[in-house]
Amino acid sequence: MSEVVLKTVENHPYKATALLLFPDVVTACNATYILLQKAKVDAAELMDRASLRSAEHKGLFPKDLGPDVAALLIETRASSDSELSSQIEQIYSSLKGLPTVVDIEFTKDPIAFDKLWDVRKGLITSAGSVRPNSTSVILEDVAVEVPKLAGLTYDLQKLFRNYEYHDAVVFGHAKDGNLHLL
C-alpha cells in the first residue's frame, strides 16, 4: 500500500439531539426512512424495547413504556444556530402524522445531549448486565437498505418470539441500515 485517503466528517459547532419514542420498531424504522428523504439528519440510532429496558435505570425516559415501544436517537448538526433551528423544524415537519409515544423534544444542551448518547454507547454493557448469570452475550450484525429496515426488524423480532429467545436486543445504526443483534 502506498497511499491512504481518509475522508472526515465536518464537526459542525451547532448540534441538537432528540430521543424519539415510537409505538413499535416498524414505525421507528419507517421514521428513519422518512427522515433520510426529507430532512438533514446526521445520525439515527435505533433502540428496541429491550434496549430501552436495559437503560431505564438512567432515568432519561419513562419507565412505563408499552411492550413494543422503540426509539430513534437522532442528531442534526449545522454551521449556525439559525441553520440548526431550520433543520429541527424540517425534522418536525417530516415526522408530522407519525404516531409517537411522547412529544418530540430536541436539546442543544451538551450535558443532556451527552447523557442521551451515553445510553446508546453503553447498550452492549447495559443489555448484557440484565441477562441471567452464566449466560453468554453474542453480538451479530445485519445490514439492509434503509427502505427494508422495518421489515427486517419486524421479522427478526418475530423469529425471536417464535423461538422463545426472550433476551434478544436489537439496536443499531438505522440511518445506515445496520443493526446489532444481542
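1. Helices (H or I, at least four residues) and strands (E, at least two) are DSSP runs, numbered from the N terminus. By that convention, Tyr-92 is found in helix H3. The model discussed here is a predicted one, in which local features need pLDDT of at least 70 and side-chain atom pairs count only at pLDDT 80 or more, while totals for chains, interfaces and linings use all residues. Residues are numbered from 1 along each chain as its sequence is written, and side-chain values use heavy atoms, with hydrogens and water left out.

2. Leaving aside residues up to four places away in sequence, Tyr-92 touches Ile-104, Glu-105 and Phe-106, where contact means heavy atoms within 4.5 Å. The C-alpha atoms of Tyr-92 and Ala-31, which are 61 residues apart along the chain, are separated by 11 Å.

3. How many aromatic pairs does the structure hold? There are two, under the rule that rings of Phe, Tyr and Trp (its six-membered ring) pair if their centres lie within 6.5 Å, with planes under 30 degrees apart counted as stacked, over 60 as edge-to-face and the rest as tilted. Tyr-92 and Phe-106 form an edge-to-face pair, with 5.6 Å from centre to centre and 85 degrees between the planes. This pair links distant parts of the chain, since Tyr-92 lies in helix H3 and Phe-106 in the loop between H3 and helix H4 (110-121), 14 residues apart. Phe-106, at 18% relative accessibility, counts as buried.

4. Phe-106 also belongs to the largest nonpolar core, which has 32 residues; Leu-20, Leu-72, Ile-74, Ile-91 and Phe-106 touch the most other members. A nonpolar core is a set of buried Ala, Val, Leu, Ile, Met, Phe, Trp, Tyr and Cys residues joined through side-chain atoms within 4.5 Å. At least two residues of this core come from each of strand S1 (14-22), helix H1 (25-38), strand S2 (43-47), strand S3 (70-78), helix H3 (81-95), helix H6 (149-162) and strand S6 (178-181), and the largest share, five residues, comes from H1. Leu-20, not counting residues up to four places away in sequence, touches Ala-70, Ala-71, Leu-72, Ile-74, Leu-95 and Ile-104. There is also a second, separate core of 21 residues, which includes Leu-19, Ala-50, Leu-52 and Phe-171.

5. On a 1 Å grid over the protein atoms alone, a cavity is a set of points where a 1.4 Å probe fits but cannot get out, and a pocket is an open set with protein on both sides within 12 Å along at least five of seven lines; lining residues have an atom within 4 Å of a point. The largest pocket holds about 540 Å³ of space, a volume being the space filled by probe spheres set on the points, which are joined across faces, edges and corners. Its lining has 23 residues, of which Asp-48, Ala-50, Arg-53, Gln-157 and Ala-168 are the closest to its centre. H1, helix H2 (49-54) and H6 are the elements that give two or more residues to this lining.

6. The second largest pocket holds about 240 Å³ of space. Of its 15 lining residues, Ala-18, Leu-19, Leu-60, Glu-105 and Leu-116 are the closest to its centre, and S1 gives the most to the lining, with four residues.

7. Which residues line the largest cavity? They are Leu-19, Met-47, Leu-60, Phe-61, Leu-73, Leu-116 and Val-119, around about 40 Å³ of space.

8. Two single residues complete the note. Glu-164, found in the loop between H6 and strand S5 (170-173), has a positive phi of about 55 degrees although it is not a glycine. Most residues other than glycine have a negative phi. Glu-164 is exposed, with a relative accessible area of 60%. Gly-172, by contrast, is placed in strand S5 and is buried, with a relative accessible area of 0%. Apart from residues up to four places away in sequence, Gly-172 touches Ala-44, Glu-45, Leu-46, Arg-120, Asn-178, Leu-179 and His-180.

Note on methods: Buried means under 20% relative accessible area, exposed over 50%, partly exposed in between (1.4 Å probe, protein chains only).
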